[in-house]
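Biologist: Before I use this model, I would like to go through the terms attached to it. Please give the value each time and the cut-off where one is needed.

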Amino acid sequence: MKKLLEFDGVHRAYDRGVDVLHGVTFSLNAKEIVGLLGVNGAGKTTLIRIAMGMLEAQSGSVRVFGMDPRECPVDVKRRVGYVSEDQILPPFLRVRDIIDIHRGLFPTWDEEMARDLASTFSLSPEAKISKLSKGQARRVALVCAAAHRPELLLLDEPAGGLDPAARREFLETSIRLLNEAGTTILFSSHYMQDVERVAERVVMLHDGEVLIDRSLDDLREGHCVALVPAGDGVTKQRLLGIEGCLGVRERTDALHAVFALSPERSAAAIATELDVSNVNCRQVALEEMFIELVGGQS
Amino acid sequence: MLIVVDPQSGVPIYRQLMDQIRFHIASGLLRPGDELPSTRSLSAELGVNPMTISKAYSFLERDAVIERRPGRPLIVAELAAGEMREEKMDQLRETLAPSVTVIRQLGVPREEALAVFGEMLRDEENDTEEER
């Protein structure tokens, strides 16, 4: 299958030797929606900026449509839409001016879609950017990122700080782009419910590496959380030693272990290895899985 | 269509869609020959990835619950009378399965559990009578 976006062993450290990414490898196929997860500081924004060519990987490579975004910035950017949480639009311009500028920059601009989105989002063309609310400004950015029918849409925490209705509009616009233009989408988000709705696959960054890269259905059906009562011989190390155990979090009187196995097989493995029977193993939503995996490794 | 997606539940979304469509068929809300929304329109309506919708539809088609016709909307398949009954019983078993687990966990004996269930059914029937 054609790869639209490829990260291969991407490494990036900031000036003071702080490692953000060390060896991130994954790729996106055409027409896929992938959710990029990770705690604050996990490197999601850094990675998206590297894909945009705004930052350079210190080693490893990134390819967008098979091109290096640092070498072919214009060819890449014309085919990519990008919205970030802290996107700054020139405050002295009107909504109409910003849209005019983008229309001029993108040969594939679809005026009908631009008008349609602007009216869905109730954007007034004459409004000054400086007078817009945070949500309104983000909507303007989305119109600009979507109306040229990009082949790849990069959304960096697009819904941060938005109300639920505005978040739903972002999801619906993303799905519309996928349906109408076949757009491939990579989006980072802390809203796990949004990710569960629209993403087909999730990539979770942790400690600068890819901790999980699985389809969502696979993650939900093939993984579970086991609640193991603390007791004789039950230790974090022994649980981690069981095949399929991805992480263990120590709580007051129990240990929570994430297994890449079905609940039945996890319970059986714990019974065999630790001689503890009737362990409660259950499938959980993404949010709980996320907390169990990255909330307890520090 | 009357479908609600809950991303918070541990059940994959394509499963939720399958379960709800099957339930609507078993309960008679959807009848044989009724058209189903297209993948696109349902994905837009629910704000859900279209791949998820088509996955649910493919599994339902494999199970002969719905029928694909070239270039036309999907429809609910004809079911023989016996199959319909079987489908209803499947739905009922699935719904009751968690109760069986709870009964075990609480250690309630079989006879008492059955008595409680019978009582609840009777109460519900009486309530419906009174409303009439």
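Biologist: How many helices and strands make up the secondary structure of chain A?

Modeller: In this predicted model, chain A has 11 helices and 13 strands. Its C-alpha atoms fill a box of roughly 70 × 40 × 40 Å along the principal axes.

Biologist: What percentage of the residues in chain A is buried?

Modeller: Of the 298 residues in chain A, 41% are buried.

Biologist: Among contacts in chain A between residues at least 6 apart in sequence, what percentage joins residues at least 24 apart?

Modeller: The figure is 70% of those contacts.

Biologist: Turning to chain B, why is B:M51 called buried?

Modeller: The cut-off for a buried residue is 20 or more other C-beta atoms within 10 Å of its own. B:M51 has 21 within that distance, so B:M51 is buried. B:M51 is found in helix α3 of chain B. The C-alpha atom of B:M51 is separated by 9.5 Å from that of B:R40, which is 11 residues apart from B:M51 along the chain.

Biologist: Where in chain B is confidence highest, and where is it lowest?

Modeller: It is highest in helix α3 (residues 50-62) of chain B, at a mean of 95, and lowest in helix α4 (residues 81-106) of chain B, at 86. Chain B averages a pLDDT of 89, and 98% of its residues score at least 70.

Biologist: What ipTM and pTM does the predictor give the complex?

Modeller: The complex has an ipTM of 0.80 and a pTM of 0.86.

Conventions. Residues are numbered from 1 along each chain as its sequence is written. Chains are lettered from A and ligands numbered from 1 in the order in which they are written. This is a predicted model: local features need pLDDT of at least 70, side-chain atom pairs count only at pLDDT 80 or more; totals for chains, interfaces and linings use all residues. pLDDT is the predictor's confidence in each residue, from 0 to 100. Helices (H or I, at least four residues) and strands (E, at least two) are DSSP runs, numbered from the N terminus. A residue is buried if 20 or more other C-beta atoms lie within 10 Å of its own, exposed if 12 or fewer, and partly exposed in between; C-beta atoms are placed from the backbone. Two residues are in contact if their C-beta atoms, placed from the backbone, lie within 7 Å.
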